[in-house]
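Dear colleague,

Please find the structure below.

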Amino acid sequence: MMEILTLNKIAACGLDLLDKNVFNVSDDAKDPDGIILRSFNMHDSVLGDNLKAIARAGAGTNNIPIDKCTEKGIVVFNTPGANANAVKELVLAGLFLSSRKIAQSMEWAKTLKGEGENVGKLVEKGKSNFVGPEIEGKKLGIIGLGAIGVMVANAAYHLGMDVIGYDPYISVDAAWGLSRHVKKADNVKDLVAECDYITLHVPLNDSTKGMIGKDLFAIMKKGARILNFARGGLVEEEALKEALKDGTVAAYVTDFPNDNILGLENVVCIPHLGASTPESEDNCAKMASVEIQDYLCEGNIVNSVNFPNCSLPREGKTRIAIAHKNVPNCVSNFTKLCSKDNFNIANMINKSRKDLAYTIIDLDNDVDASIAKEFEALENVMKVRIIK
């Protein structure tokens, strides 16, 4: 039996997809083969030598020590698109919250409690403090056209907005799903200079941290409204405060509150509700379970954030799955070892992703698991698994 450790509550409909004859699932496994989690912070966790895979039931993986996992040959999965519709719906709500001062007006309305028959008159007198524009006909700039960004773009177009998108790394699948009515921006500067609303849908990494900062605020269209349902660190908050004060930014709506921005005027903080729907949690749990089972049982990689996607239909009697560095001669060394040991290769595949690579070799031979040590002894090999 292989052990699966859950570090958060994972929807039962997802865990039920794991073969009960193969996996034992618990929240207290001591030396797991795989981990499924949502938002649990793993940066201080010990990564055991038996750990082979981690599946994040969600898109973001900032809570997982990717570099440490990679060094140990641990494949990290996420579930892109599984919560996309849930986030899209909240982004659309954010558009209206940023325009019509709905949250602020609701808080003000609560202060009228106890005014009795005067409430109606006070409402009519005070409502002018919460006037805001309609979104129809306005320009929406979308930075990042992944699963969520494409959904937001298409929905916003159908709401009557003029949509402009920017993503230099847009995938073929995303491009196919994007409405032909969405215009293309050549760069972020052009987008922020002309858009009334800006919504962020990019991952947080070294190149995107603080991407919306002083330089972009300086050229931003006056009175812009910014939506951040991606990651809090994408916006440089001290620069944001100045932009709010001088009117460059009319409103900032975010799903990532912190003590630095809570209570600021014209800032609407939502408590990270992007994927908090039963449908989203179910979809993420199902996808994470399928991914980790396919990897642990078949050696296939789909939706990894560190290793290349690599899948091969089973052929032969034994499968060897090898995580290794992407350097010359690795594959030839694998085949030489197979030849030396008189193993006949039925099929094989090799895929690479920057400095990393992954190779699957199917053998006609029924070999012992101890052969893994021979492959592990080869230079640049990180982890080897023998799958029967």
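Ile 143 has Leu 200 in strand S9 as its bridge partner. The model is a predicted one, in which local features need pLDDT of at least 70 and side-chain atom pairs count only at pLDDT 80 or more, while totals for chains, interfaces and linings use all residues. Residues are numbered from 1 along each chain as its sequence is written, and side-chain values use heavy atoms, leaving out hydrogens and water.

Strand S6 (residues 139-143) runs parallel to S9 and is joined to it by four bridges; two strands pair if DSSP finds at least two bridges between them. Strands (E, at least two residues) and helices (H or I, at least four) are DSSP runs, numbered from the N terminus. S9 is also joined by four bridges to the parallel strand S10 (residues 224-228), where Leu 227 is the bridge partner of Thr 199. Between S9 and S10 the chain passes through helix H9 (residues 214-219), in a right-handed β-α-β crossover (with the strands pointing away from the viewer, the path from the first strand over the helix to the second runs clockwise).

Is strand S9 (residues 197-200) covered on one face or on both? Both are covered: Tyr 197 and Thr 199 on one side, and Ile 198 and Leu 200 on the other, are all buried (under 20% relative accessible area, with a 1.4 Å probe and protein chains only).

A colleague

How values were computed:
Buried < 20%, exposed > 50% of the residue type's maximum accessible area, 1.4 Å probe, protein only.
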